[in-house]
Amino acid sequence: MAKRLIVRRNRYFDSVFLMQVAHQLAGQPGIRDASAVMGTEANRKVLAELGYGAGALAAELSAAAPNDLVFALEGDEAAVQAVAADPDRWLSRSPQGAAPAGSAEEREPRSLEESLAMRPDATVAVISVPGQYAAREARAAITRGLSVFLFSSNVSVEDELALKRQAREKGLVVMGPDCGTAYLGGAGIGFANAVRRGPIGIVGSTGTGIQELASLVHQAGSGISHGIGTGSRDLSDAIGGISTMTAIDALDRDPGTKVVVLLSKPSGVETTERVMRRLAACGKPAVVCVLGARGAPAPAPGGRARYASTIDEAAVEALEAVGVKPPKSLLGNTVSMRAIAAAEVARMSPAQRYVRGVFAGGTFCYQTQAILSEAGLHLYSNSPLPGMRELDDPRVSHEHSMVDMGAEIFVEGRPHPMIDATLRKGRVAAEGRDPAVALLLLDFILGAISSSNPVGDLIDAISEAKAGAQARGGHLSVVASVCGTSDDAQGLEDQSRVLRDAGVLVFPSNAQAALFSREVALLLAGRKEKG
Amino acid sequence: MAMRFDELIGAKPVFVNLGVRGFAESLRSAGFEVVHVDWSPPAGGDLEMSAILDELM
């Protein structure tokens, strides 16, 4: 078995592309493990942990710079040598093959300036370069009159404020930083689901929140006019809601938008007040959903604005505002939920006491905590809601735990769990081995850029976890929701069916899956008291 | 092209994409105009040098 590093100096590729390259390499006969990453400090650390930092490899690894591409290969000598002989073969534009000669891809511009010379009519810059370069590119785009979708994270508050002020002066918007999703004029940007256009406008500081709301609205037969992401810090008092205000103003004027939904987490007091006043003055009905807030924000939205505490409630309010009857699936059925929960708990062993959530979507982790804590349940999390407890080690669950697998510690040097399920799969397996686990709560997020088979990535781990609990004389309840639509490439129905066939309880939304998990947790607590 | 955001949402957006190539591909396959920039870190990844170059330009 040979281990080898190949360093290509000054070759930059994005992490999603490199993950595809690594998957291709790992699938080659004789290759046991393969990584393809940029030589950043975080990535070098990961490679060192994989054993590439020892012996003769140490010097090669430490010499790699952030702008260098690093292949790390483990396998048969001949197989590793075959890749090393022509590493660039794996870097063709598409992992399946080289870009055809003379294609448009060969004439790609190398900078924003060059691209604008080619398309002077461009109006939006989509920026997902590494965080330390992102503000620079965003500034250049705003200077040239473009609005910005800023997917990159690790942009400082100071840079964010400066960019947003600059954009506001020009009547532009900065969606981000750390903005996962937007819908503009029918275009889904970033992690976006295939949703119909319609009368519901969304302004949101949570990417997966926008995805869930847009998908639920689509499933109900309505659609989205625009979904404007603002970045998670926009409503903090440090930023002052600059992008949120620009977005509300635009939707208020947009003839295609009949209701404005604001989706956020609890944020700055002054900024919240200002945004509530703005929404109350909106010429259209408005819906405010602040996940994790205890009750409506103060001041409560006045005028024609309504308050919702979950994404589902926001969808119901928005649909009603545009005259669409919300489907029964969105309203939940507490009675049948309780009956199913009781049947599940009856099959569990006395050792099974806790519910564990392992999430790809940070917003789902957050909403689940809000729903469970409302019933007085105490939770641990690596991104705890105010008042909940933080896990000592995010890699190890404790009692009732809700884990956001998209948190910084899990994505350093690797793509988001919505794209690369490797770590989440390991976590599902670990929870499955824990005899104290009674219920496992999961989310699956479909759409552009997401894994081509999110359920398939985890289904073996789920089945093994269930089998393990059964072998211990108990029953592991696995509960899931699938965020997406039947028009997404992965297919909502197909993905849900695979889950159901494996004995997973599939709910129409994260909020309902969380409500069910809450019923189970309460029954488990009651059983403990009686016992 | 300088276009105010409130006008932009009434028009069909045209994109430039810097970073993850998949974002350009999904927009393109949905029927939108996108120019993908074959981006690499400025000044070979040297932030200080790129700040100096920015000043000069």
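Two residues are in contact here if their C-beta atoms, placed from the backbone, lie within 7 Å. The model on screen is a predicted one.

**Stop 1: the contact between the chains**

Show chains A and B together. With that cut-off, the contact takes 51 residues from chain A and 39 residues from chain B. To see where the chain B side comes from, select helix 1 (5-8), strand 1 (15-18), helix 2 (21-29), strand 2 (34-37) and helix 3 (47-56) of chain B; each of these supplies at least two residues of the side that touches chain A. Then highlight helix 2 of chain B, which gives the most to that side, with five residues. Colour the side of chain B that touches chain A by residue class: 23 of its residues are nonpolar, ten are polar and six are charged.

**Stop 2**

Select strand 4 of chain A, residues 124-127, together with strand 1 of chain B. The two strands run parallel and are joined by four bridges. For one bridge pair, pick Ala125(A), whose partner in strand 1 of chain B is Val16(B).

**Stop 2: the domains of chain A**

Between them, 23 residues of domain 2 are in contact with 27 residues of domain 3.

On the domain 2 side of this contact, select strand 8 (187-190), helix 8 (207-219) and helix 11 (311-321) of chain A, each of which supplies at least two residues. Helix 8 of chain A provides the largest share of that side, eight residues. By class, the side of domain 2 that touches domain 3 has seven nonpolar, 13 polar and three charged residues.

**Stop 3: helix 13 of chain A**

Finish on residues 334-346 of chain A, which form helix 13. At 1.5 Å a residue, its 13 residues should span 18 Å, and the end C-alpha atoms are 18 Å apart, so the two figures agree.

Which residues of helix 13 of chain A are buried? They are Ala341(A), Glu344(A) and Val345(A). These three cover an arc of only 95° around the axis, and therefore lie on the same side of helix 13 of chain A.

Definitions and conventions: Residues numbered from 1 in each chain as written. Chains lettered and ligands numbered in written order. Predicted model: local features only at pLDDT ≥ 70, side-chain atom pairs only at ≥ 80, totals over all residues. Expected span 1.5 Å × (residues − 1). Buried ≥ 20, exposed ≤ 12 C-beta atoms within 10 Å, placed from the backbone. Arc of directions from axis to C-beta. Nonpolar A, V, L, I, M, F, W, Y, C, P; charged D, E, K, R; others polar. Pairing = 2+ DSSP bridges.
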